[in-house]
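Visitor: Please put the model on the screen. I have some questions about its packing.

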Amino acid sequence: MKKEIVELREKMNENGIDLYYVPSGDYHSSEYVNDFFKCREFLSGLTGEAGELIVNEEGAYLWTDGRYFLQAEQQLAGSEIELMRMAEPGVPTIDEFLIDYAKRHQGCTVGFDGKVLPASAGFGIEDELAEYDVTIKYDLDLAGEVWTERPAIEPSAIFEFPMESAGVSAEEKVRLVREKMTEKGADYLLVTDLMETAWLLNLRGRDIDYTPVFFAFTLVSQNDVRLFVMDGALRNGMPESCSFVTVCDYNDINKALAEIPGDKKLWLDPDSANYELVKICKEAADGSNLICEMTPIAMMKTAKNEQEIKSTVNAHIKDGAAMVKFIAWVKRTVGEGNMTEISAADYLQACRFEQDGCFDLSFETISGYGPNGAIIHYAPTEETNADVKPEGFLLVDSGGQYMDGTTDITRTLAVGPLTQEMKDNYTYVLKSHLAMILMDVPKDMNGVDLDAYVREPLRKVGLDFKHGLSHGVGHVLSVHEGPNILRRVATPIGFLPGMIMSDEPGVYLDGKYGIRIENELLFVDKGNGDMRLENLTMCPYEREAINKDLLTEEELAWVNDYHKKVRETLEPLVDDETRKYLYEATEEI
Ligand SMILES: [Mn+2]
């Protein structure tokens, strides 16, 4: 068995633990995590975002999803860790596995670090195992004890997010939040989600890749706002615009929560607040004073204000300039025979970083050639990196973080000759994509209805896709912003004017190729409460892949108008070689 697992077992024995669970999260349930939190990666050897490890005396088991099966097979080889392929027939979920173990080992002790598990997940485990007399120890970071070379968190310098881009002051946002607290009868609001703190106080940091946030908790009452940050994070001082905020030490949040009087109502989000924090709150006042719901900030930040929208439009223009430069390069050089998925992703990154105010990518670039394009959310690794040959499709899903906005765009590029089937499938995906752009959204429409409506052009010809159609996009925050995320089995959520959401249908043919087209759209009030959608993304579709005969007049007119607008907007921003491509790509169809 892998050395790290053997050492973890020794620590488990010392602490009387029969089964230890290592999820992939951080103290705030973030989607992407700082290197400090990559315990599962350290113990198992599986790199990448998704994976959860369980170790007991019988074995070591690693759960991951379809994106990582191939990579996990390679990286776990020789480790004796069993790969648990999530959602494959016969593979238990983590919950099922825990229950089965507890049944066979009544009275056992299950351990995990309660700080890296959302409260909702931790309480779920507690409930499920209660009938088997299981003891839960959640105050031990055994993975951290084994990981002696663990990198420390070196907090980045927190900086002020400018009003030109934020639009509304921190003070005004706090005032609005307090109104919501009063409506809800809450005396305190605990903000654990890193994007929510960053949005509320108009501050940003660089503690996590792809998302410009900093480690912090915020505790809002009607009288004060306390910001708990790591030592040194405010080395450039607290901006004047946050002079009303009391700065506290990050590690003192436990104490502050324990001190909240039992007759005061505390509002927190159990999907973001970690299990240990909520346990502390429950112990302080039996839990009856807790309001466990999404915070008011979550919804408030989905509806972008005028300044946020204006600056986002600008970010998309710069992102479009980067994209067309990249596509022109792909088309020009793919025939030379030395392009790979990774070299293409690297070139695209360089194009973005040339743009004014671009300081990070918004997620790891998905660059999938041929059959790899059919693996949803595939990102190339050294092991899987395929050569891009001058035929078929290259699917590229990518985005940037700019000081004025966050972008997310997918283009499926024809890198050489296409079959008629490829062109037809591309056009059906485009029809589905256009169905969202062209639709009116009645004020009472929810995500489930919108999702079904947009998939219709694909379903009519027997096609569909197994991923979400759309997600909210944060403003210089997370590229995947909830709660307005449409998954296949979506909770019915409503839409608000000012929401920015992706429109990204696809078609994936196993072992052959994948097609996805993604733009970002803005929900705009039509004046009567109903909404229409306005396009933000500035980049041509793949003209060579469009079968004009399958498009309606309305669809074709929209594409031609769009291409005209893209040409006019981007032309002044690109070099001569790129301009040549831009002209060809935007010619009337
Ligand atoms: Mn997206």
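Visitor: Which residues does Leu189 touch, not counting those up to four places away in sequence?
Guide: The model is predicted, so local features need pLDDT of at least 70 and side-chain atom pairs count only at pLDDT 80 or more, while totals for chains, interfaces and linings use all residues. Residues are numbered from 1 along each chain as its sequence is written. Two residues are in contact if their C-beta atoms, placed from the backbone, lie within 7 Å. By that rule Leu189 touches Val177, Met181, Val220, Trp267 and Thr295.

Visitor: Is Leu189 buried or exposed?
Guide: A residue is buried if 20 or more other C-beta atoms lie within 10 Å of its own, exposed if 12 or fewer, and partly exposed in between, with C-beta atoms placed from the backbone. Leu189 lies in strand β8 (residues 188–191); strands (E, at least two residues) and helices (H or I, at least four) are DSSP runs, numbered from the N terminus. Because 28 other C-beta atoms lie within 10 Å, Leu189 is buried.

Visitor: What distance separates the C-alpha atoms of Leu189 and Trp267?
Guide: Trp267 is among the residues that Leu189 touches. The two are 78 residues apart along the chain, and their C-alpha atoms are separated by 4.7 Å.

Visitor: Why do the buried residues of α1 line one face of the helix?
Guide: Helix α1 (residues 3–14) has Glu4, Ile5, Leu8 and Met12 buried, while the face turned away from its buried side carries the exposed Lys3, Glu10, Asn13 and Glu14. The arc is that of the directions from the helix axis to the C-beta atoms. The buried residues line one face because, seen down the axis of α1, they fall within an arc of 95°.

Visitor: Which residues is Leu8 in contact with, leaving aside neighbours within four places in sequence?
Guide: The cover over the buried residues of α1 includes β1 (19–22), α2 (39–44), β2 (52–56), β3 (60–64) and α6 (142–146). Leu8 itself is in contact with Tyr20, Leu43, Val55, Leu142, Ala143 and Val146.

Visitor: How far apart in space are Ile515 and Val429, C-alpha to C-alpha?
Guide: Ile515 is in strand β26 (residues 513–516) and counts as buried, with 26 C-beta neighbours inside 10 Å. Val429 is one of the residues that Ile515 touches. They are 86 residues apart in sequence, and their C-alpha distance is 7.4 Å.
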